[in-house]
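My notes follow in the order I looked things up.

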Amino acid sequence: KERRSTLITGIRYISGVRYLDGIYIGDDGSLLKDVQEPNSRTVSTARNYILSFAESNDCDTYFMLIPTSSVIKQQEITAYASENLFNQHHLINEMYSELYGKLSTVEVYQSLFSHRAEYIYFHTENLPTGLGGYYIYRELAGRMNLKAKTLGEFSAAYAAHDFYGSLASE
């Protein structure tokens, strides 16, 4: 299935197809989901639950919104397409400003964006890789006034080698 999916994606890319069923095909072969703006009522409800949790618990509360690969790797798609992407960074900043002073927010967008040339998101998944997770962890540790371990203190172990990613099957 993986080889067939790779071949189909390659053929589409060579023939000029860069967008199919809500998925962009990046210049590096990545599949990037076209994430749409969330429903404002859903965002408001989530914000209210987060605030309620922070107010009802007698502990430090930390909150972060992790941008998806499509916004961090937007240089991999055409300029026209990237201009039409939902502005996740704006939503993240808006949410953080609404929560300011009520709980601690953890900004990871800039760190991920500054490392966008590295393999921080899977090519066929909308999720961060272990390296992307490390940069997120490092920001959280810093915000919590903890000393983050260095990247060299971690080792990688893979449970599966044949997972091609959920975006490849969409």
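Predicted model: local features only at pLDDT ≥ 70, side-chain atom pairs only at ≥ 80, totals over all residues.

**Helix H5.** I started with the packing of H5: its buried residues pack against helix H2 (40-56), strand E4 (62-63), helix H3 (69-72), strand E5 (104-105) and H6. Contact here means heavy atoms within 4.5 Å. Helices (H or I, at least four residues) and strands (E, at least two) are DSSP runs, numbered from the N terminus. Residues are numbered from 1 along each chain as its sequence is written, and side-chain values use heavy atoms, with hydrogens and water left out.

I listed the buried residues of H5 as Gln 88, Leu 91, Ile 92, Met 95, Tyr 96 and Leu 99. They sit on the same side of H5, because they cover an arc of only 130° around the axis. That arc is taken from the directions from the helix axis to the C-beta atoms. Buried means under 20% relative accessible area, exposed over 50%, and partly exposed in between (1.4 Å probe, protein chains only).

I then checked the span. H5 (residues 88-99) has 12 residues and reaches 17 Å from first C-alpha to last, close to the expected 16 Å; the expected span is 1.5 Å times one less than the number of residues. At the start of H5, a side-chain oxygen of Asn 87 comes to within 3.3 Å of the backbone nitrogen of His 89. Just after H5, I found Gly 101 with a positive phi of about 85°.

**Cores.** Which residues have the most contacts inside the largest nonpolar core? They are Phe 63, Ile 72, Leu 99, Leu 112 and Ile 120, in a core of 22 residues. H2, H3, H5, H6 and H7 each give two or more residues to this core, and H5 gives the most, with five. For the record, a nonpolar core is a set of buried Ala, Val, Leu, Ile, Met, Phe, Trp, Tyr and Cys residues joined through side-chain atoms within 4.5 Å. Leaving aside neighbours within four places in sequence, Leu 99 is in contact with Arg 47, Leu 51, Phe 63 and Thr 105. I also noted a second, separate core of five residues, which includes Leu 32, Ile 77, Ala 81 and Leu 85.

Pro 67 lies in the loop between E4 and H3 and is buried, at 2% relative accessible area. Not counting residues up to four places away in sequence, Pro 67 touches Tyr 109 and Tyr 121, among others. Tyr 109 is in helix H6 and also counts as buried, at 7% relative accessibility. Beyond four places in sequence, the contacts of Tyr 109 include Val 71, His 89 and Ile 92.

Next I went to Thr 129, in the loop between helix H6 (109-114) and helix H7 (130-143). Buried or exposed? Thr 129 is buried, at 6%. Its side chain reaches the backbone oxygen of Tyr 119 at 2.7 Å, a polar contact by the rule I used: a pair of N or O atoms within 3.5 Å; within protein, one must be able to donate a hydrogen and the other to accept it, and residues adjacent in sequence count only if both atoms are side-chain atoms.
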